[in-house]
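User: I would like to go through this model by question and answer, with the cut-offs stated as the terms come up.
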Amino acid sequence: MIYLDYQATTPLAPEAFEAMLPWLRDEHANPHSAHSAGRKAKAAIEVARAQIAALLPKGGRVVFTSGATEALNWAIKGVGGPFVTIATEHAAVLDTAHAIGEARIVPVDREGLVDRAALARVLPGARLVEAMLVNNEIGVIQPVTEIAAQAHAAGALMLCDAVQGYGRVPIPEGCDLIALSAHKIHGPKGIGALWIRDGVALAPLLHGGDQEGGRSGTLSPALCVGFGVAARLMAERAAQDAAHVERLWSLATGMLAGWTINGAVSQRYHGNLNVRRAGLDVNRLMSDCRDIAFSAGSACASGSGRPSHVLKAIGLSDVEARGSIRLGFGRYTTEEELRTALIRITAAADAQRIAA
């Protein structure tokens with residue numbers, strides 16, 4: 001299997017796996033217990049917390065959650081509405097926005113960038129504004145610093161969904177809340193974090209032991225340690241990973257020159273290539289290339305039968321949206337793997353055109 005679905009999840013870093021093993025096999029103590037085994041587990045968690053915080057702004061704290069979905073829900077519900085967000089955001093944001101009942105959704109342009117004038121019109125009275133740093137479907141990088149400045153001028157807090165950008169794109173200035181996920185940076189599934197700026201108060205989402213100071217629930221040392229090591233590797237390998245992604249992007253865009261890129265090209269993370277081709281039957285393409293893992297949209301919406309809300313928001317028709325695929329690659333993708341996959345995908349797409 002050639003894996004090209006890095007936006008859905010990334011392969012677990014071997015170093016993170018090895019670091020987790022002792023905490024899964026031998027060190028079973030509750031990190032919230034006062035005995036020495038518990039204190040040892042707590043100390044490992046605090047090391048991980050510091051490793052994650054090293055890639056985030058100063059003047060805030062990292063609170064562990066079960067994942068980015070919980071982090072986003074907590075931030076949105078913990079502040080409350082009126083809440084402003086963007087039409088291309090993740091379902092964890094849009095569905096939560098509709099659940100609180102005071103959502104103001106801002107459109108984007110053809111490149112997927114927020115309409116700043118429309119944003120300004122809906123800001124009065126808002127308590128919280130949210131924007132995704134790097135879009136999970138089309139890789140577009142939003143101008144979060146500028147959005148945060150507008151939010152603060154209107155008296156609102158700024159929440160950044162940095163799930164796809166953390167460790168790859170610098171965290172912008174001006175954020176009050178930042179949501180993260182370990183499994184998007186070669187860490188384990190089942191853990192994320194919410195960074196909370198000092199002085200920002202959130203109503204709790206979960207009630208119980210208040211283990212994390214606002215977030216209740218027993219932490220898993222293994223998951224926290226895996227997340228921390230993954231974050232450390234993102235920092236240590238930043239230049240190497242970025243150069244590798246640029247080589248893969250150049251290879252992919254060269255081989256798919258006849259396809260149309262969805263979303264901005266320049267203001268984009270290049271580990272995400274979302275492309276379309278006229279008349280393409282994506283379901284047939286995925287069947288013909290079943291030994292290649294790629295996506296027809298976000299993993300969270302797969303199987304729904306609906307065209308991507310992100311592609312619709314940037315102005316694509318239903319036919320164009322359904323004729324689009326997403327290729328995600330990164331640290332562990334080899335150039336030979338990517339070349340082989342693109343040859344196969346292109347040949348299968350060409351066969352559809354000939355048959356038609």
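User: In which element is the place of Val129, and is Val129 buried or exposed?
Analyst: The model is a predicted one, in which local features need pLDDT of at least 70 and side-chain atom pairs count only at pLDDT 80 or more, whereas totals for chains, interfaces and linings use all residues. Residues are numbered from 1 along each chain as its sequence is written, and side-chain values use heavy atoms, with hydrogens and water left out. With a relative accessible area of 2%, and with buried meaning under 20%, exposed over 50% and partly exposed in between (1.4 Å probe, protein chains only), Val129 is buried.

User: How are helix 8 and helix 12 oriented to each other?
Analyst: The axes of helix 8 (residues 238–255) and helix 12 (residues 335–355), lines fitted to C-alpha atoms over the stretch in contact, come within 10 Å and cross at roughly 20 degrees, on a scale from 0 to 180 degrees between N-to-C directions. Angles under 35 degrees count as roughly parallel, over 145 as roughly antiparallel, 65 to 115 as roughly perpendicular and the rest as oblique. Helix 8 and helix 12 are therefore roughly parallel to each other.

User: Is His186, with its positive phi, buried or exposed?
Analyst: Most residues other than glycine have a negative phi, whereas His186, which is not a glycine, has a positive phi of about 70 degrees. His186 lies in the loop between strand 7 (177–181) and strand 8 (192–197). Its relative accessible area is 2%, so His186 is buried.

User: What is the omega of the cis peptide bond that joins Gly81 and Pro82?
Analyst: Pro82 lies in the loop between helix 3 (68–79) and strand 3. The peptide bond joining Gly81 and Pro82 is cis, and its omega is about 0 degrees.

Technical notes: Helices (H or I, at least four residues) and strands (E, at least two) are DSSP runs, numbered from the N terminus.
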